[in-house]
Every structure is written in structure tokens, then in C-alpha cells.
Amino acid sequence: MDATLAGLIDGIPPEQLAIAAAAAALLALVLLVALGRQVGRTRRAQRAEAAARGHLRTVTATMREGIIAYDMKLELIFANPAFEQLTGYPEEDLRDQEFLQYIHPDDRPALTAEWERLERGGSLRDQEYRVVTRGGQERWSSSSWEPLRDEVGRQIGYLGTEFDITERKLAEEAMRLDTELFQAMIEVQQSVAAAGLDSRTMMRVIADRGLRLTGASGSVIESIEGDELVPQVHIGASAPRLRLADSLSGLCVRTGELQRSDDVLSDPRIGHDAYREAGIRSLLAVPLKDEQRILGVLKVVSSRPKAFTDRDAKALRLLGGLMGAALGHAAAYEGRQLRLEERTRSLQESEQRFKQLVDVAQEGIWVADDRGVITYVNQRMAELLGYQNGAMLGRRVYDFIDAASRAGAQRTLTRPSASGGESRDLRFLRHDGGELWGLVSASPIVSREGGLAGTVGMVTDITERKRAEERLRRSAERLAILHDMGQAILAARSPAEIGRAALGRIRRMVPCQRCSIVLFDFPKRQALLVAGYAGGNPISTTPIPLDTLSPGDVLRRGTVRYVEDIATLESPPPIFRQLMEDGLRSALSVPLLADGEAIGEVNLAATAASAFDSEHRDIALEVAAPLAIAIQHARLRDDLAQKSSELERRVAERGAALRSATAELETLLYSVSHDLRAPVRHIGGFAELLLRDGGPGLDPAVRHYASRIREGASRMAGMLDDLVQLSRLGRQDMLRRPVDLNTLVEDVVSLLQSETAERLIDWVVEPLPTLECDPALAKIAIVNLVSNAIKFTRTRARASIRIKPVRAEDQDGIAVQDNGVGFKMAHVGKLFALFQRLHRPDEFEGDGAGLAFVQRIAQRHGGRVWAESEVDGGSTFYITFGGPDVRHAS
């Protein structure tokens, strides 16, 4: 071949050979340059990939979540330390495994069946499965898978995030097992209760349930007889008699605690061969206690070693406590009833504890990450909002909260407290479009670094409470409107005014486009429309035939009539045909009943069919009752006014005569109080001048007559002053205000004590009320009463005056009691008459006007005055203040 090539070269001209050599050298150079560039790019890509992988390792090295990545050929390209810790495999061993080999074989098909979605660029979220660790253990994981893309967006693999949820799964399983156990205990209690007081039946029930709850091959109930344990009931296994001293059952009795043996053949606590002979390898024994007394032993056995778990021991301990109580009930016939009640109470308490345990799980619970995205919800939360379990995962919490409640939700959820935080009422949106009110509280989930990693929220359904509050609010609003209507009705005078006031309030509470009030006149067979509105405009008040509304016998019965849809009536009354022409569809008529008789009705109509519900009917009935009474009263007032007009005419005639006589009396009183006072003063003055100017030389008879004239003028002047004072008391305006009688009486007593300083008087003033009265008039009355007490106790060496509160005929006042001379009760009628006296002037001074003043003041206040006394036994005067200003009563 070399010779052939040499021959070919020899045949080529040197010039062409040189050119070919140069071209070959140039081509080789180009190839070398291209090859160098390709090698450079490959090395740069390898360095970039290594840098990216190193950066990924750095980022994910401290993450608690496991991160794993596969390329498009399903070959492992990355696993972070958290994933290695989850599976127990180093990354090198994971690379040697098949695709997803770390997932339990039973759970792997479910994930691979969904893998096609990832291949199309989709995502897989919330995938829960078991992971088989390197040590053969099973752990639960929740994963999310996303496409892995390069810098230009091309999918180059798959990236998975694994969360270890083993603890949550174990807790769920433990809760499920505890729930099943408590349910089983309730069923056992029910079975024991059904067995009555038959102890054999009770023991068989307990032995059977112990066998089934623990999965044992046999169960025995032993009783204590002397120093031995004697089988009473046994199921599935032979039961020899055992001694207390060398048996595990005996140790159970001595210690009063549950005893467990995982292998009786090697257990040093067992000193007999009965179990070996019966083929028993493991057992549980629990004492049967009745309060502090041990009655026997409940025991379950198995032919397998280590056959029983801690849950079995818990179940047997509960059964033992139940069986001990049951046997204690049947121990003595005399205490049977008492023990039966205790067992019932124990059963109820147990059911209550179980109910409380269940109620704890009735709140909705969610877990969200630091972005507010839900990562877990319990079944109750899903049920509250009407979603399938898992449908809420991956969505923000605020997506399920009504827009009006989101501001409050942000304050609660963005600042959760470790102690449960602030509870807030929030409105949630249900999947079916409805709403749910929940009492929400939130607690933070703190990361290892101390930051906020998420929140745990709890929701208690308070929808019914909110609805009740809304009903209460509407009721309060309704009561306020009804009260306002009542005030308006009271202010109205005529039936038309009353009707308009009532309809104005009804339209605010009941949705209606037409409303009216009609009054019946059965003798004339017509009805009067006294008030009405159509579309907000008043309706003219005109009489209409009764048959237009309904037959007369129907109206007389006074029943509520409701037509949901007028269009469905075959032969409607004329009024309904008119309503249909006006576009109205439903009508409600409520009777006005006065003394059991229908005097009219309230008619409501609306454009919608079935527009009125039961609440609207109740409102109409509540309005109709006071409305009927008010209209009836207005009618009675009209009748009374008509009948009074004639009486007023006759009274007017007599009143004219009375006014004439009154005018004459007023003129006389004026003359007495003003015109006679000056002459009386002149008479007294001239008599005084005569006595003073006459001196000692004045004739004794003249002096006697002049003295008598002076004294008579003085008395007459006093009487005239009293008449003027009495007239003023009847004319002056009343100025009522709260008056503390304690202060007022204290002022009066201080004033009068200064005038009686030389006398020995025992004053007793009891606590007095504060009354609405005129303070000036009240002081005049009290001064007169206390002055009388001082005056009429003058003959006593030691006077006693007591002032105390009094209440009579729902009126408050005071009483002034003394130990004075008293008077005969036969003369009590003259006490309060003007210028009437029961004692001679030489015994006690005065003109008899003071008590008349007191009576006039009491009458002005609407109260009264009276007295009680006996001769030489003292007197008690009473006065009350109450009622309006009645200054013209006398």
C-alpha cells in the first residue's frame, strides 16, 4: 500500500503536490481550532453545571424538606442532606437504585400513574406515601413534584420536595385507636348495663370483650378465696386455681397494679408450671377494684410470646376498672339500688368525658405556610366549608374568607400569638355559595431559626349564634319601631291620624306596595277607608261596600287572611281584582279586634307572589292589637265629645252663675285683704295713741275699752294677714324640684331651737326622703307643724318631739309626733278649718290659721294632711307631698 501511495505521489506534479499539502495543513488547522472550541464549550458547560449543582447543594443543605431531582431519563442527579436523612441512603446509593425505589412498593404505582402529568410540564402536589428507609423502617412523606427547567425554559428533569409527616400520621393513628377504644368502652358499658345485676353475665361480657380487644387466645376472671385465686369465668383457655404467693395474678392483687409478662417461661415472678402445661407464653393481668377493695383479677393470655402491646394493656386496665365497679354493685343485695345509681352516674360521666373528647375535634383546623398558603386542613374544616378533603390545599386562606372580613382576618392571621391570640368573628365563603360564621384564633409555627414558618388556625362554627344575634337585632329594631308607633298613636286624636301613624311604621317593617286600614260598619254594610298608601302616595278616604272586601260573615270572624298569589284564585272578591289590575300579586289582611269583636282590618299587598312570611304576619298582628284599642278609644272620645257638648252647654249656664258668685267672693276677699287692713290699722293706732297720750290720768273705764279695742284690732289685723297669706298660697306658682327633707327639717329645727333655748326638749329626727316639692311651701308647712308641737308641749317638764318619714297611698311625706296636751279625735274635723281652735286663747296663743295653711300646701302638692291624738297623750300630724299642681282644688 505504501508503494502504491508513493507511486501516486510520484505521478503528481510538484506544484500541485505543494498546493495539496498546504490545503491539507490548512484543513487540519481549521479542524484543530473547531475541536478546541468544542472542547472549551464542553468544559465551560461542565463547570457551569458543577457550579449550579454546588449552588443547589448550598441552598438546600440547611432545608428541612428533602429535595431530589431526576433527569429526563429518570436517573437521579441530586439529593440534599434532608432527603438522605429521610431515607437513610447517601446520594451515591440512591444513584444506584431504580427510579423511585425508596417509595414503598404498594404506594409507588399511585405516583408513577400520575407521572405523565409531570412529563407534560404539569405539577404533582400533596402526594402522600410511605418511604422505606435503609434500615427497613417505614416513614410517611408528603411530596410535591415540579418540572426542572434550564435557563431557556426547556424541561431537563423533575424536581421533588419531600416533607416528613410520620409524626402526624402516627398521631392520627393514635387518635383513631383511642377513639375506637373509647367507643368500645362505651359499648362494653352498655352491655354491662344491659346485663343488669347478674354477676355471671357481667363477667362473661367483660371476658369476651377483653378477648376481642386484645386479640388474646383466652381470657379468665379470677376471684380471691383465702390465699388462692379461683377462676369464675374463662374463655378460650383452661384456667387452673393459682396461689396468691407465687403467681403473677397474686402479684397483681398485692400491688393493685396491672402486671405484664411477655414470656412466662423466662419470667422469674411466676413460680408454677401451670402456664407451661397449658401452652401459654404471654399474659396481662389487671386487678378488679371496687373503690379501694380488690375483688379479683381479669387476665388475658396468648400462646405467643410478646403478644400484647401497650394499647392492649390500656384497654385491659379500662376493662378491669369497669368490671370491678360492676362486681361491686352485685356484691350485696342491700346496697343494690345505691350501687346501680353509682354505676349509672359513672356511665354518664364516662359518656360525658368521651363526648368532650369528641367535641375537641369539632373545630375546623388548618395549617398554612408563611405565605398564607394552606398545607393541611382537617376533615371538620373541609366539612364546614363544603369541600372535599384536599381540595383546599395549595390555596390561600383568604380565598375562603368573605371580602368584608379580610381586614379583620389579616390582623388576626398576620400577628398570631403563641397563647392562641385574639379570637375574631369572621365570615367564610362555602363551596356551595353559602356563608359560615366562624370564631377564629391563630397560633404561630416557629422555625428552628425562630422565624415565622406558618400559622395554625382554628375555626369554631358560630353561624347559629350570628343568626340568633341578627334575629335579636331585628327584634330590637322592631320593638323600637313599635314603641315609636305607640307614641305616635297616643299623640293622634282621630282614627285617620291613628291609621296614618300606624301605616307609616308598618311600611318600615313589612315590604308592601299598598297598605290600608278600613273600619267596618256592619249595620250600613259598608267599610270606611280611614288611611292608606299606594306606592308611597296617600289613598283617598272613602266608604266602600263590605262585600267588596269579603263576605260579611268572614269579616265578623276576625281571622287573618293571606293570599300568596291572587292570580290563582278562581273567583276573587272585587278588591282582589282591583289589586291585580294594579300589578299586585299577594295580599295579607289582619283583623282589628276590640273586646273580641272585629271593628276593621289592616290590608297589605305586594307586587311579588308569596311576599309575606310568618315574621311579617307577626308584625302585622303586633301592630293591629294596639291599633284597634287606639281606634276604639278615639271612637269613644268622639262619642264622649258629642255627649259632653250638651253637658257643657248646661254646665256653661251654671258656670256663668258660679263665675259671678266667684267674682263677688274674689272682690270681697280683695276688699278684706286690702281695703279693710288700713282701717283696722288706724283703729289700733288710734287706740294706742289714746292710751299713750292719756297717760296715768286716763279714766280706767276708757283705758279698759281702749285696751280692748287695741287687742281686737291686733287680732283682726292678724286674721287679715292670714287671709292674705292663704290667698297667696292658692295663687302663687309651684316650683317643684327634688328637696332633701333632712336638710330642710334641720334648718327648721335650728331656727325654732333658738326660740326655745330655756326649755328642755328631746328632739328625734329620723332619716327622711328626698321628694319632688316646692321647697318654700314645704318649709312653711313644716314650720307650722313643728311650731304647733313646740307650743302644745309647753306644759310638759320634758318635751319630746319626733320627726319621721311616712308613706301613705303611694305618697311620701313626714310625720311630726309630740307628747303634748293632745285633743279629742271627735273634734279632728275642725282642725284644718280656717280660724278654728280647740283651746282657749288664754291657754295657747294663735288664731287657728296655721293648720289651714298646711292643708292648703298639701292640696297644692296633690297630697293630704291628717292627725291622730288623744287627750294628754300627745298628737301626731301627717303630711304627704305628691301629685300635680292643684292650687285651684279648694
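## Exercises on a predicted 890-residue chain

Among contacts in the chain (heavy atoms within 4.5 Å) between residues at least 6 apart in sequence, 55% join residues at least 24 apart. The model is predicted, so that local features need pLDDT of at least 70 and side-chain atom pairs count only at pLDDT 80 or more, while totals for chains, interfaces and linings use all residues. Residues are numbered from 1 along each chain as its sequence is written, and side-chain values use heavy atoms, with hydrogens and water left out.

### Exercise 1: the chain and helix H7

Solution. Buried residues (under 20% relative accessible area, with exposed over 50% and partly exposed in between, for a 1.4 Å probe and protein chains only) make up 40% of the 890 residues.

The buried residues of H7 include Met202, Val205, Ile206, Leu211 and Leu213. By contrast, Arg200, which also lies in H7, is partly exposed because its relative accessible area is 42%. Leaving aside neighbours within four places in sequence, Arg200 is in contact with Gln232 and Val233; the C-alpha atoms of Arg200 and Gln232 are 8.2 Å apart, although 32 residues separate the two in sequence. After the helix comes Gly215, with a positive phi near 70 degrees.

### Exercise 2: the largest nonpolar core

Task: Identify which residues have the most contacts inside the largest nonpolar core, and which element gives the most to this core.

Solution. A nonpolar core is a set of buried Ala, Val, Leu, Ile, Met, Phe, Trp, Tyr and Cys residues joined through side-chain atoms within 4.5 Å. The largest has 37 residues, and those with the most contacts inside it are Val786, Ile803, Phe877 and Ile879. Among the elements that give two or more residues to this core are helix H22 (741-753), helix H23 (775-792), strand S27 (799-808) and strand S30 (875-881), and H23 gives the most, with 8 residues.

Next, take Ile879, which, not counting residues up to four places away in sequence, touches Ala781, Leu785, Val806, Gly813, Ile814, Val854, Ala858, Arg864 and Val865. A second, separate core of 31 residues includes Ile506, Val530, Leu588 and Phe612.

Finally, Thr876 lies in strand S30 and counts as buried because its relative accessibility is 9%. Beyond its neighbours within four places in sequence, Thr876 is in contact with Ala815, Val816, Gln817, Trp866, Ala867 and Glu868.

### Exercise 3: cavity and pocket

Task: Give the volumes of the largest cavity and the largest pocket, and describe their linings.

Solution. On a 1 Å grid over the protein atoms alone, a cavity is a set of points where a 1.4 Å probe fits but cannot get out, and a pocket is an open set with protein on both sides within 12 Å along at least five of seven lines; lining residues have an atom within 4 Å of a point. Grid points are joined across faces, edges and corners, and a volume is the space filled by probe spheres set on the points.

There are 3 cavities of 30 Å³ or more, and the largest holds about 50 Å³. Its lining includes Val220, Glu222, Tyr275 and Lys299, and divides into 7 nonpolar, 1 polar and 2 charged residues. Here Ala, Val, Leu, Ile, Met, Phe, Trp, Tyr, Cys and Pro count as nonpolar, Asp, Glu, Lys and Arg as charged, and the others, Gly among them, as polar.

The largest pocket holds about 1,700 Å³ and is lined by 44 residues, of which Glu65, Phe163, Asp164, Ile165 and Thr375 lie nearest its centre. This lining divides into 17 nonpolar, 12 polar and 15 charged residues.

### Exercise 4: a positive phi

Task: Decide whether Asp126 is buried, partly exposed or exposed, and give its phi.

Solution. Asp126 is found in strand S3, and at 33% relative accessibility Asp126 counts as partly exposed. Its phi is near 55 degrees, a positive value in a residue other than glycine.

Key: Helix = DSSP H or I, 4+ residues; strand = E, 2+ residues; numbered from the N terminus.
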